[in-house]
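Here are my notes after a look through the model. Have the structure open while you read.

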Amino acid sequence: MARPDPPEDDDAALFRDAIGEVRRMEDAPPPPPRKAPPRPRARMAERDELDARSEFQRGLDALEPLAAGDTLSHRRDALPARAFQRLKRGQYAAQDELDLHGATAAQAEGLLRRFLADAALHEYGCVRIIHGKGQRADAGAPVIKNLVDRLLRQRLDVLAFHSAPPAQGGTGAVLVLLARRR
């Protein structure tokens with residue numbers, strides 16, 4: 001028997017007519033929720049970081065440690081000698097400063113890396129890092145001063161660095177010229 005045409009204003013009847021016969025589904029329990037897969041790890045990045053840290057440590061071990069009164073000095077070939085002389089005389093104004101007094105070697109490394117990243121972000125040209133002279137070091141070699149020297153030498157964004165003039169901290173601080181981001 002055919003259904004009579006529904007009246008135009010009965011929405012429920014129009015809907016039932018449009019979908020046709022309905023059959024009941026069997027009552028099957030829903031599948032149990034699946035355990036979320038483990039989050040992927042960046043194994044290559046972790047290995048690169050580990051390699052970089054071990055190479056950094058080898059660099060620390062291989063070089064002769066600096067003494068408390070030694071001058072920190074390094075210049076990349078791309079920097080003109082005249083600009084390096086200006087840095088040595090303290091003629092560049094430091095746009096920011098980091099004081100590492102009281103930090104452990106691990107803390108100092110993290111602080112220094114974040115400081116240099118922030119300096120690059122702000123496009124600073126010259127910064128001052130106060131590492132102290134390390135005269136109270138147990139083994140005689142100033143730990144933080146040597147750490148700063150090795151870390152700055154490895155960074156491509158560091159054009160040059162030199163111990164500050166006496167009025168700006170002497171051999172307890174270093175002025176750093178940074179490359180501009182391109």
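1. Start with R150, which sits in helix α5, residues 143–154. Keep in mind that this is a predicted model. R150 counts as buried because its relative accessible area is 4%, and the cut-off for buried is under 20%. So here we have an arginine that is buried.

2. What does the side chain of R150 make a polar contact with? The partner is the side chain of D149, at 2.8 Å.

3. Next, have a look at V176. This valine belongs to strand β5, which covers residues 173–178. V176 is buried too, with a relative accessible area of 0%.

4. Now for the surface. Is F15 buried or exposed? F15, part of helix α1 (residues 11–19), is exposed, because its relative accessible area comes to 51% and the cut-off for exposed is over 50%.

5. Which residues form the positive surface patch? They are R82, R86, K88 and R89. Of these, R89 is placed in the loop that runs between α3 (81–88) and β2 (97–99).

6. To recap for your own check: R150 and V176 are the buried residues to look at, while F15 is an exposed one.

Definitions and conventions:
Residues are numbered from 1 along each chain as its sequence is written. This is a predicted model: local features need pLDDT of at least 70, side-chain atom pairs count only at pLDDT 80 or more; totals for chains, interfaces and linings use all residues. Side-chain values use heavy atoms; hydrogens and water are left out. Helices (H or I, at least four residues) and strands (E, at least two) are DSSP runs, numbered from the N terminus. Buried means under 20% relative accessible area, exposed over 50%, partly exposed in between (1.4 Å probe, protein chains only). A polar contact is a pair of N or O atoms within 3.5 Å; within protein, one must be able to donate a hydrogen and the other to accept it, and residues adjacent in sequence count only if both atoms are side-chain atoms. Patches are made of residues with over 30% relative accessible area and no salt bridge: like charges are joined within 9 Å, nonpolar side chains (Val, Leu, Ile, Met, Phe, Trp, Tyr) within 5 Å. Accessible areas come from the Shrake-Rupley method with a 1.4 Å probe; for residues, only the protein chains shown count as cover. A salt bridge is a side-chain nitrogen of Lys or Arg within 4 Å of a carboxyl oxygen of Asp or Glu. Lys and Arg count as positive and Asp and Glu as negative; His and the chain ends are not counted. The place of a charge is taken as NZ of Lys, CZ of Arg, CG of Asp or CD of Glu.
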